[in-house]
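Visitor: Can you walk me through this one? I'd like the ground rules as we go.

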Amino acid sequence: MSNLILLFLCLFLGFFLRKTKLFPENGHLALNAFVINISLSALSLYFIPKIVLNFQVVFPVMVPWLNIVLAFLFFSFLGRKMKWPKTLIGALILCAGFGNTSFVGIPVIQSLYGESGLKTVMLVDQPGSFVALSTLGIIFANFYSGGKSSFSDILKKILKFPPFIAFSAAVFLNLVNIEVPFFIDDVFAKLGATTVPLALVSLGSQLQWQKLDRDAKPLFWGLLFKLILFPALIFVLYFFIFNQRGEIIEIAFLESAMAPMITAAIMASTHKLEPKLCNLMVGIGIPLSLLTLTFWYIILKMSGLLVI
């Protein structure tokens, strides 16, 4: 209950601080930079060395990759049928193809599964969401905007990204079975604990709604795919076709149902891929996802697949 109160309180505080102008206009950029570069790196270094590596860890890692590939196939086909411009198709692929696996995912999963669930979130977020966004995301953004990025540019961006460096170090510690000294591990835990409140305040400060006009139909299809169709596919694929069970699979499924990723929307906007639609996908998608996530959680519970 305390985690749920924290979730809504921090969202409200972010919204309130922006509305009352007690928060700098672009204050969320500083919060985002700290969360992404420091807090998430600390979480990786705290949780990843403790993960028991087995076959099931493949499933959370694959969620973001399946998300962007299926979004590309879905909106490429739908865009041709609807005669949408190339920029609109690109915006939907990026905004519906990546989930908010950290800023929304971490507080939601922590409220449901406690700290143990964050191990799985790190698998979805680091080798999943981040690497997929830094590779396929950039490729699609460049293609649909007419820009170009070389393979070496993409590779340099990945290798220099602090969370990726931290994730790689954490995986190494896990593989060679090196135990991190308690006093250092405790520092990682305390830095990682800043992720949820800072991410939620940042999210709350960015929530805004704009008037719908010609964006209504693509917005509907984008949110339908991200919040309903893709999670439904993962539900059937993971629980029934692959016949997987357990906490890792449940969290992987719930992460598939997260709202559109803010970073992906920013990437699309900076490439001039329908900035207004991108803002609507995030601004409406995040609060709406709290309802759809509740729906999917109830489905899990009613189907008897929930282990918690």
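Guide: Pro162 touches Asn37 and Ser41, leaving out residues up to four places away in sequence. Touching, or contact, means heavy atoms within 4.5 Å.

Visitor: What am I looking at, and how are residues counted?

Guide: This is a predicted model, where local features need pLDDT of at least 70, side-chain atom pairs count only at pLDDT 80 or more, and totals for chains, interfaces and linings use all residues. Residues are numbered from 1 along each chain as its sequence is written, and side-chain values use heavy atoms, with hydrogens and water left out.

Visitor: Back to Pro162. Which helix is Pro162 in?

Guide: Pro162 is in helix H8, residues 162–175. Helices are DSSP runs of H or I, at least four residues, numbered from the N terminus.

Visitor: Why does Pro162 count as partly exposed?

Guide: Because its relative accessibility is 32%. Buried is under 20% relative accessible area, exposed is over 50%, and partly exposed is in between, with a 1.4 Å probe and protein chains only.

Visitor: How many residues line the largest pocket?

Guide: The lining has 31 residues, and Ile36, Phe130, Leu133, Phe161 and Thr263 lie nearest the centre. A lining residue has an atom within 4 Å of a point.

Visitor: Which helix gives the most to that lining?

Guide: H6, with eight residues. Helices H2 (27–47), H6, H7 (151–159) and H13 (262–270) each supply at least two.

Visitor: And by class, what is in the lining?

Guide: 15 nonpolar, 13 polar and three charged residues. Ala, Val, Leu, Ile, Met, Phe, Trp, Tyr, Cys and Pro count as nonpolar, Asp, Glu, Lys and Arg as charged, and the others, Gly among them, as polar.

Visitor: Now H2. Where is the kink in H2 centred?

Guide: On Val35, at about 35°. The bend at a residue is the angle between axes fitted to the seven residues ending there and the seven starting there.

Visitor: Is Asn32, in that helix, buried or exposed?

Guide: Asn32 is buried, because its relative accessibility is 10%. Setting aside neighbours within four places in sequence, Asn32 contacts Phe103, Ser202 and Gln206.

Visitor: Last topic: loops. What is phi for Lys21?

Guide: Near 60°, a positive value in a residue other than glycine. Most residues other than glycine have a negative phi. Lys21 is in the loop between helix H1 (2–19) and H2. Lys21 counts as exposed, because its relative accessibility is 70%.

Visitor: And what about phi of Lys83?

Guide: Phi of Lys83 is near 60°. Lys83 lies in the loop between helix H3 (58–82) and helix H4 (86–97).

Conventions
1 Å grid on protein atoms, 1.4 Å probe; cavity = no way out; pocket = protein on both sides within 12 Å on 5 of 7 lines; lining within 4 Å.
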